[in-house]
Amino acid sequence: MALRLMLTRKSLASGLRAEPSVLLGSGLASQSRGVKTFALPDLPYDYGALEPAISGEIMRLHHQKHHQTYVTNYNKALEQLEEAITKGDASTTVKLQSAIKFNGGGHVNHSIFWKNLTPISEGGGEPPKGSLGWAVDTHFGSLEGLVKKMNAEGAALQGSGWVWLGYDKESQKLVVETTANQDPLVTKAPTLVPLVGIDVWEHAYYLQYKNVRPDYLKNIWRVINWKYASEVYDKECS
């Protein structure tokens, strides 16, 4: 049993390592047959609260359908992994890694994404202050410089993926990165902590913005929760 648990934990860590501050509240639900399962986290605001930047219909579908699918498939893959390890089925164990990375990454990324957003009435879009505001100015010249860089990289990303503002704990610098599909930022480097992640999959914007991803990227900054990003940054820097 000790070996099985160790292998399960190692499989979860391959591509899904994230800081505790990021995963807090990401929907850890229960434990069944030694396998921890995950649940869809509640949103801290109503589906229509981010309008007009993001429509209520998009938010409802994105949360209830897309994120829920990642959670369901992640739990299913974890249960199958436990069974495969118990049976000593090496082929199935290896085969399941891609499903765990994709669906687990989808769960991790979206759990961060919901926290990265907040209604304008609750401070959405207000520029970062304090140490994070200073760091943004230092590394990108200004908030406008950061937004321009992230929008350009997000718009240029081929296919589906994410554009991130991250903090590199090793270099102690802010970085902008993109990841494909549902790869978490940590797959780029184990020292990277996500501060702001923007979903550029079409399901995040198509119903409202059609195929004009740059318009979506331009407007989403109106509801970015810089307070949350600052809290994560300050904790990682302390």
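The crossing of helices H7 and H9 is right-handed, a crossing being right-handed if the near helix is turned clockwise from the far one by less than a right angle and left-handed if anticlockwise. The model is predicted, so local features need pLDDT of at least 70 and side-chain atom pairs count only at pLDDT 80 or more, while totals for chains, interfaces and linings use all residues. Residues are numbered from 1 along each chain as its sequence is written, and side-chain values use heavy atoms, with hydrogens and water left out.

**Helix packing around H7**

The axes of H7 and H9 (residues 213-220) come within 9 Å and cross at roughly 150 degrees. Axes here are lines fitted to C-alpha atoms, for helices over the stretch in contact, and angles run from 0 to 180 degrees between N-to-C directions. H7 and H9 are therefore roughly antiparallel to each other, where angles under 35 degrees count as roughly parallel, over 145 as roughly antiparallel, 65 to 115 as roughly perpendicular and the rest as oblique. On the H7 side, Asn 151, Gly 154 and Ala 155 meet Arg 213, Pro 214, Leu 217 and Lys 218 of H9; contact means heavy atoms within 4.5 Å.

H7 (residues 143-156) also packs against H6 (residues 130-140), with axes that come within 8 Å and cross at roughly 65 degrees. That angle makes H6 roughly perpendicular to H7. The crossing of H6 and H7 is left-handed. Here Val 136, Asp 137 and Phe 140 of H6 meet Leu 143, Gly 145, Leu 146 and Lys 149 of H7.

Lys 149 in H7 is partly exposed, at 35% relative accessibility. The accessibility classes are buried under 20% relative accessible area, exposed over 50% and partly exposed in between, with a 1.4 Å probe and protein chains only. Leaving aside neighbours within four places in sequence, Lys 149 is in contact with Phe 140 and Val 176.

H3 runs over residues 56-87, and its 32 residues should span 46 Å at 1.5 Å a residue, which agrees with the 46 Å between its end C-alpha atoms. The expected span is 1.5 Å times one less than the number of residues. H3 bends by about 30 degrees at His 62, the bend being the angle between axes fitted to the seven residues ending there and the seven starting there. Just after H3, Gly 88 has a positive phi of about 70 degrees.

The peptide bond from Glu 51 to Pro 52 is cis, with omega near 5 degrees.

Asn 103 belongs to H5 (residues 97-115) and counts as buried, at 8% relative accessibility. Not counting residues up to four places away in sequence, Asn 103 touches Thr 69, Tyr 70, Asn 73 and Tyr 74. An α-helix has 3.6 residues a turn, so residues three or four places apart point the same way.

Leu 96 sits in the loop between H4 (90-95) and H5 and is buried, with a relative accessible area of 9%. With residues up to four places away in sequence not counted, Leu 96 touches Ala 77, Gln 80 and Leu 81. Leu 96 and Gln 80 are 16 residues apart in sequence, and their C-alpha atoms are 7.9 Å apart.

| Residue | Phi |
|---|---|
| Gln 172 | near 60 degrees |
| Lys 210 | near 55 degrees |

Gln 172 is in the loop between strands S3 (161-168) and S4 (173-180) and is exposed, with a relative accessible area of 55%. Lys 210 is in the loop between H8 (206-209) and H9 and is partly exposed, with a relative accessible area of 46%.

**Whole protein**

The protein has 10 helices and 5 strands; helices (H or I, at least four residues) and strands (E, at least two) are DSSP runs, numbered from the N terminus. Buried residues make up 48% of the 238 residues. Of the contacts with a separation of 6 or more, 69% are between residues 24 or more positions apart.
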